[in-house]
Amino acid sequence: MNRPTRRSVLKTGAFFACCGMSHIRFAQSQSAHSAVLPVTEIAGGVFAFAGLPEMMNAENEGEICNVGFVVGTDAVAVIDSGGSVAEGRALIAAIRAVTDRPVRYLINTHMHPDHIFGNAAFSDAETVVVGHRNLPRALASRGDYYLQSYRDSMGGALMADIRIVPPTKLITDEEQLDLGGRHLALKAWKTAHTDNDLTVFDQQSGTFFTGDLCFVDHLPTMDGSLRGWIDQLGDLKAFKANLAVPGHGPVPSKWPEALDREERYFEVLARDIRKAIADGVPMAEAVKTAAQSERGSWRLFDEYNERNATAAFAELEWE
Amino acid sequence: MIVSVNRRNRVMAVVFSTLIATAVPLAADAQGTSVAESTVWNSLKGDVFGQKVIGPANGLVTIAAPKRAEDAALVPVDLRFKTDAATGRIKAVTLIVDENPSPVAAVFKFGKDAGVTHLATRLRVNAYSYVRAIAETEDGKLHMTETFVKASGGCSAPALKNQDEAMASLGKMKLRVFASNAPGTEPMTRATEMQLMIRHPNNSGLQMDQLTRYYIPAHFIQGLTVSQGDRLIMSMEGGISISEDPNFRFEFDAKPGEDVKVEAADTEGKKFQDEWPLQSSSL
């Protein structure tokens with residue numbers, strides 16, 4: 001686990017050779033195999049790991065989103081379990097390296113596999129899985145598809161352990177979790193990135209775990225409502241946080257400046273799509289040109305922009 | 001978030017496209033025989049069309065869809081139809097997604113003098129799959145064309161994005177009429193392009209609730225008719241492969257001054273209908 005196997009090095013080498021990838025990513029993918037997730041203490045008792053700006057695959061073991069944990073006097077709360085059980089276990093190892101207090105809560109910020117595929121690593125009876133009230137429904141309608149569709153890119157070995165573990169403690173509006181001398185404020189948002197977005201705010205340090213309501217560097221992905229997301233940016237900005245852990249991007253990030261780039265992207269995307277709809281341009285054509293002016297500003301733009309534009313088109317044509 | 005095409009998939013994709021590249025010309029040479037090279041299709045065609053011979057489309061019907069489905073829940077599919085003097089007009093078109101749990105996405109039937117030349121809709125595509133259109137002409141013959149779509153997989157699950165919203169506005173309809181850009185055409189005689197949108201979750205019923213292990217009940221639009229005056233433009237028998245908020249953009253020979261009427265029914269027995277005046281000025 002600590003080092004890539006010879007086979008994986010060969011595979012990775014061949015992969016980069018054929019795509020002309022930089023050796024920097026190769027170095028990053030090596031770190032993905034550590035048995036202890038390399039977390040950083042960004043505030044007293046607040047730890048986070050910065051995921052790689054990549055797609056989930058066997059080489060990075062699904063470690064593409066930011067995950068973290070907060071240590072209280074009595075217990076620990078984990079924010080997202082990562083993109084594989086291997087990552088979930090490495091996160092537990094990172095927790096055990098700093099505290100022996102029990103993991104009382106595993107908070108899932110939303111339904112996407114990079115955030116929940118590690119849930120099965122936290123099957124300990126004392127860990128309660130916490131999520132947005134819509135999360136069980138979202139996982140019910142997507143779980144089987146996720147398990148099947150990630151098999152090709154993640155490989156059978158990683159997928160073998162992964163199970164869809166829905167939350168049992170559901171957040172409807174706002175609620176606090178007590179870790180002993182430390183409270184986390186959870187907030188369930190209206191449909192934005194997904195219809196089950198949940199944020200976590202550590203009051204003691206002022207650290208804001210935004211889940212995928214905030215993307216930095218990595219192009220935001222649209223699986224909920226563009227209008228809903230734009231509408232709630234004001235409430236997100238109003239959160240008085242000292243620092244943020246976005247769902248994807250630098251750990252920590254400045255708050256609320258971390259929202260600026262996604263706000264601009266949403267405006268450009270909405271403007272381009274609205275114009276196409278007004279002009280009667282069919283969906284298939286409109287999505288090829290929408291928001292292309294933003295291409296240089298983001299990682300993974302080509303992987304996600306057309307999909308975002310497709311979802312935006314289907315939503316905005318009802319205006 | 002979404003899975004990228006890793007190296008292994010790329011190799012597979014190359015193998016696939018090589019297969020396709022060789023399969024299509026071969027099939028095109030063999031007139032009157034099945035066009036497709038798909039094991040799923042070979043076992044499926046008997047269930048849908050019995051023993052009837054399915055010939056190549058030879059341009060009577062053409063299909064276009066993105067090679068890579070960016071959003072597996074919303075894959076735009078574009079069909080164009082040509083009337084051939086030998087075969088007669090196209091009476092019906094069956095749209096099939098081979099690898100979907102319920103492969104027959106929809107059967108469209110066209111009114112006798114509707115003159116439908118173009119039909120675009122959006123599909124859910126569960127996996128790498130052929131999407132095919134089989135047209136039936138007035139002489140009773142079947143003509144097939146197909147295209148291969150790679151669903152990008154991963155988090156673009158073919159499921160609802162905003163489920164509460166989908167249920168709240170159930171059955172709402174919208175009709176848009178597009179101005180024709182064709183120069184020199186007479187406003188009263190040319191085909192009119194319209195887009196019909198219906199708010200409906202079009203739930204598949206194949207999704208299992210992980211807590212209860214029960215399947216979420218299917219709830220989708222199963223019947224739809226579009227008419228103008230008392231003339232049928234087209235009807236559709238739908239399945240679960242039609243995307244959430246079913247959407248149909250089509251061109252037909254409109255008669256100015258007559259209302260366009262839409263009736264739809266879903267699997268829960270709910271009926272939806274709406275009517276729009278079609279003025280000469282909007283043509």
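So, chain B: of its 283 residues, 54% are buried. Keep in mind that this is a predicted model. Chain B has 3 helices and 16 strands. And if you take the contacts in chain B between residues at least 6 apart in sequence, 67% of them join residues at least 24 apart.

His118(B) sits in strand β7, which covers residues 118–123. Is His118(B) buried or exposed? Its relative accessibility is 4%, so His118(B) counts as buried; the cut-off for that is under 20%. Who does the side chain of His118(B) pair up with in a polar contact? That would be the side chain of Asp78(B), at 3.0 Å. Leaving out residues up to four places away in sequence, His118(B) also touches others, including Leu79(B), Arg80(B), Phe81(B) and Glu193(B). Further along the chain, Arg249(B), Phe250(B) and Glu251(B) are among its contacts too.

The second one is Leu224(B), in strand β12, residues 221–228. Leu224(B) has a relative accessible area of 3%, so we call it buried. With residues up to four places away in sequence set aside, its contacts include Leu196(B), Ile198(B), Met234(B), Met236(B), Phe248(B) and Val262(B). Ser235(B), Glu263(B) and Ala264(B) are on that list as well. Now try finding Ser38(B) on the screen: it is 186 residues from Leu224(B) in sequence, and 30 Å away in space, going C-alpha to C-alpha.

For contacts with a separation of 6 or more in chain A, 69% come from residues 24 or more positions apart.

Let's look at helix α8 of chain A, residues 226–237, and how it packs on α9, residues 260–278. The angle is about 150 degrees and the axes are 11 Å apart. Why do we call α8(A) and α9(A) roughly antiparallel? Because anything over 145 degrees gets that label, α8(A) and α9(A) qualify as roughly antiparallel. The crossing is left-handed. On the α8(A) side you'll find, among others, Leu226(A), Trp229(A), Ile230(A) and Leu233(A), meeting residues of α9(A) that include Phe266(A), Leu269(A) and Arg274(A). Sorted by class, that contact has 7 nonpolar residues, 5 charged and no polar ones.

The helix α8(A) also packs against α11 of chain A, residues 301–316, at about 90 degrees, with the axes 9 Å apart. That makes these two roughly perpendicular. Leu226(A), Arg227(A) and Gly228(A) make the contact from α8(A), and Ala312(A), Glu315(A) and Leu316(A) from α11(A).

Where do we find cis peptide bonds? There's one from Val251(A) to Pro252(A), with omega near -5 degrees, and one joining Trp255(A) and Pro256(A), with omega about 0 degrees. Pro252(A) is in the loop between β12 and α9, and Pro256(A) lies in the loop between β12 and α9 too.

Then there's phi. Glu61(A) isn't a glycine, yet its phi is positive, about 50 degrees. You'll see Glu61(A) in the loop between β2 and β3, and at 6% relative accessibility it counts as buried. Ala291(A), also not a glycine, has a positive phi near 60 degrees. Ala291(A) is in the loop between α10 and α11, and it's buried, with a relative accessible area of 0%.

Conventions
Residues numbered from 1 in each chain as written. Chains lettered and ligands numbered in written order. Predicted model: local features only at pLDDT ≥ 70, side-chain atom pairs only at ≥ 80, totals over all residues. Heavy atoms only, no water. Axes fitted to C-alpha atoms, helices over the stretch in contact; angles between N-to-C directions. Helix = DSSP H or I, 4+ residues; strand = E, 2+ residues; numbered from the N terminus. Parallel < 35°, antiparallel > 145°, perpendicular 65-115°, else oblique. Left-handed = near helix turned anticlockwise from the far one by under 90°. Contact = heavy atoms within 4.5 Å. Nonpolar A, V, L, I, M, F, W, Y, C, P; charged D, E, K, R; others polar. Buried < 20%, exposed > 50% of the residue type's maximum accessible area, 1.4 Å probe, protein only. Polar contact = N/O pair within 3.5 Å; in protein donor to acceptor, adjacent residues only side chain to side chain.
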